[in-house]
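Q: Could you walk me through some of the labels used for this structure, and set each value against its cut-off?

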Amino acid sequence: MRGDTRSYAAARKERAADVDRWLTDLLRAACGTPYGREGKHGSLGALGGVALVAVGSLGRAELAPGSDLDLVLLHSGRDDVARIADRVWYPVWDSGVGLDHSVRTVDEAATVARDDLKAVLGLIQARHVAGDPGLTRAAREAVLSEWRADCRRRLGELREASDKRAEAGGELSFLLEPDLKDSHGGIRDVQAMQAVAVAWVASAPGPRVREAYELLLDVRHALHLVTARRADRLVLQEQEAVAGTLGLLDAEALMRRLAEAGRTVAHASDATWRTVDRLLSGPSPRGRRPLADGVVEHGGEVVLARGADPRKDPVLVLRAAAAAAEAGLPLAPATVNALAAGSPPLPVPWPDEARDALVALFGAGRAAVPVWEELDQAGVPARLLPDWERVRHRPQRNPVHRYTVDRHLIETAAGAASFTREVSRPDLLLISALLHDIGKGWPGDHSATGAVVARDIGIRIGLPPADVDTLETVVRHHLLLPKTATRRDLDDPVTISQVAEAVGSREVLELLAMLAVADGNATGPVAWNSWKASLVADLVRRVRSVLSGTPLPPAPVLSAAQASLARHGGGAVRVHGGAVTVVAPDRAGLLWRAAGVLAAHRMVVRAASAASAGSTAVIEFSVVPEYGSPPDPATLEADLRLVLAGRLDIEQRLARRTRSLRPTHVPVAPPWVTLVDDASNTATVVEVRAHDRPGLLWRIGRVFGDCGLDVRAARVETLGAEVVDVFYVVDNAGRPLTDEAQRAQVRDHVLAALR
């Protein structure tokens, strides 16, 4: 895997050995003992009664290139210990290596460890470097004895610290820029498991965890080499270089390996803490409670009943998983191992019982997630559904997605359980949620490739032909509703008729509607919000009318609040939290001028929609301030009126703001502009995708104005740092653009404004 023929583990051990030799020489020189000459302290010479002990990464012989040294100077009451300490510490400081140090007697070390969690975690894994080994041994034995004797209190303290660290650091496997040490599933979780094992409460981390731990250490080692400094957070701009240093193909390959390692560690950590919890809470009631055929609860876990044999019952693995999720209990590790090792392949097509168990598993909602994770750690899902291996641990390296592809699918299916009463086929909702992004394991458009894979899986799991067709359609069009709602004019009849034709039936429409909600919520807050939810609901209402054969709902009129604002005459603004409503007489350029005012007031436009009602234009913005508090609404309204009257040079203001911004050198994808054909009969649809920056919407709109175009409607959305803006534009005669030269000019001018 690595470019260097030596393993990084060997390099870390070699560096630790070099540091040991250096520190030994420093201690000898400090004590005035030239290499073992005997003196008044016995066979150790002047080194008697003093010991240099390594804790932390040096103590574990895991010294990365940028690691600090954590040292304890133990002594037996020597009068000259302060002088010895100075003569050891100062050369270390002079070398430029970071140093965390302390000077203790054995009793003092034990006393500090009694109340200081960091100190005790270091000392229980302390390693003797130089001097009197008896002091090191005495200190370790004293600390270990108290750690084990007081393990109920100390492990509770360690559990609390681990929980706080996980809450602050997030899940390593699902972070765009993970902290290799402190995220849940990181290096410190393994060290915490080792501390629990030392207390004789749970087993030490097994071989899979140790392998994952070595990978985490290797990635951190490579990160130190790439950055030439101590670093624990693997930021985006370093990932390609770190991957290359490790001999991996690219950053995606690195992050996939890292996601797998993080999930292995997190899973083992969670299991360890369940063991600790059982210790802290006392013995559980005896007895076995039946949950399903061949499945019982015992000791707070789900286990196999006596006589249950996975080798003779291929459905047992799914039945046990469904029973665990429905009971809200974990599968016992031994049970998972037995099921993984003994279960034969399911027949193809699956029997109805197996498919029903799969649906029941995800019908349990959030409780399905940890159960599936248990199965995943044993490799069961990829045996049930071979295509699962392609999405397993696959990263999604953008800020919109919070999970890897496989975990996103699980979260979506679990979330879809909340909407099963909203559809006529809850089973198809759960299955399509589980498979909607399965195409991301293949090249090309994941919706198209996913539809093919979903059809194969539908046949495999025994769905009837009509249900297979429905599943394929839902997976193919799972993005249709949110994309259309946010990027097309819903008042344009072409928009509604195209969606109705693609959907084909009310059953598919309701499945797509609920899948859109579950998918958006599982993706993250950037991908789903109340604004998008309302647009999707409006689109569903209109398409349902068409599919039912009833006339389209009438075009919306101004609400009472909007009509009240419109009576101001010249232009009004209402700010309510992150919602900004602009109502003004309809005129060319209103959208981009209003956007310019918001940009000048440090407001970032996250979403926007523009429409006209008679002679009045209504623009709804979803905004957040770049920093600080939002501006005063009265000031916004005053500036808007000035812009409409041509008395405010908004371009000059924005130019000053642009000059004050700190330049960024992070590479971004080039923008692109597309004129979408057949999206409307009454306007030309211009779709813009670009990296977000202040005043972007204003610049695009100004280009339309310079080209003599009017924006009849718009949908603006910001996804992380990327914008997807769609504009319905017409020429000065109110018609779509048909001249190819004019269309090319518009495209080129917008692109120029984005660069």
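Q: What makes the largest nonpolar core a core, and which residues have the most contacts inside it?
A: The largest nonpolar core has 87 residues, and L318, W350, L361, F362, W388 and L481 have the most contacts inside it. A core is a set of buried Ala, Val, Leu, Ile, Met, Phe, Trp, Tyr and Cys residues joined through side-chain atoms within 4.5 Å; buried means under 20% relative accessible area with a 1.4 Å probe, protein chains only. Another core, of 53 residues, lies apart from it and includes V686 and A690.

Q: How far can these values be taken, given that this is a predicted model?
A: Local features need pLDDT of at least 70 and side-chain atom pairs 80 or more, while totals for chains, interfaces and linings use all residues of this predicted model. Residues are numbered from 1 along each chain as its sequence is written, and side-chain values use heavy atoms, leaving out hydrogens and water.

Q: Why is the pair of F362 and W372 called tilted?
A: Their centres are 5.3 Å apart and their planes at 45°. Rings of Phe, Tyr and Trp (its six-membered ring) pair with centres within 6.5 Å; planes under 30 degrees apart count as stacked, over 60 as edge-to-face and the rest as tilted, so this label follows.

Q: Why is the pair of W372 and W388 edge-to-face?
A: The planes stand at 65°, with centres 5.4 Å apart, so the pair is edge-to-face. Ring pairs link F362, W372 and W388 into a cluster.

Q: How do you know that the charged end of R390 sits over the ring of W442?
A: The charged end of R390 is 3.6 Å from the ring centre of W442. The rule asks for NZ of Lys or CZ of Arg within 6 Å of the centre and within 35 degrees of the ring normal.

Key: Buried < 20%, exposed > 50% of the residue type's maximum accessible area, 1.4 Å probe, protein only.
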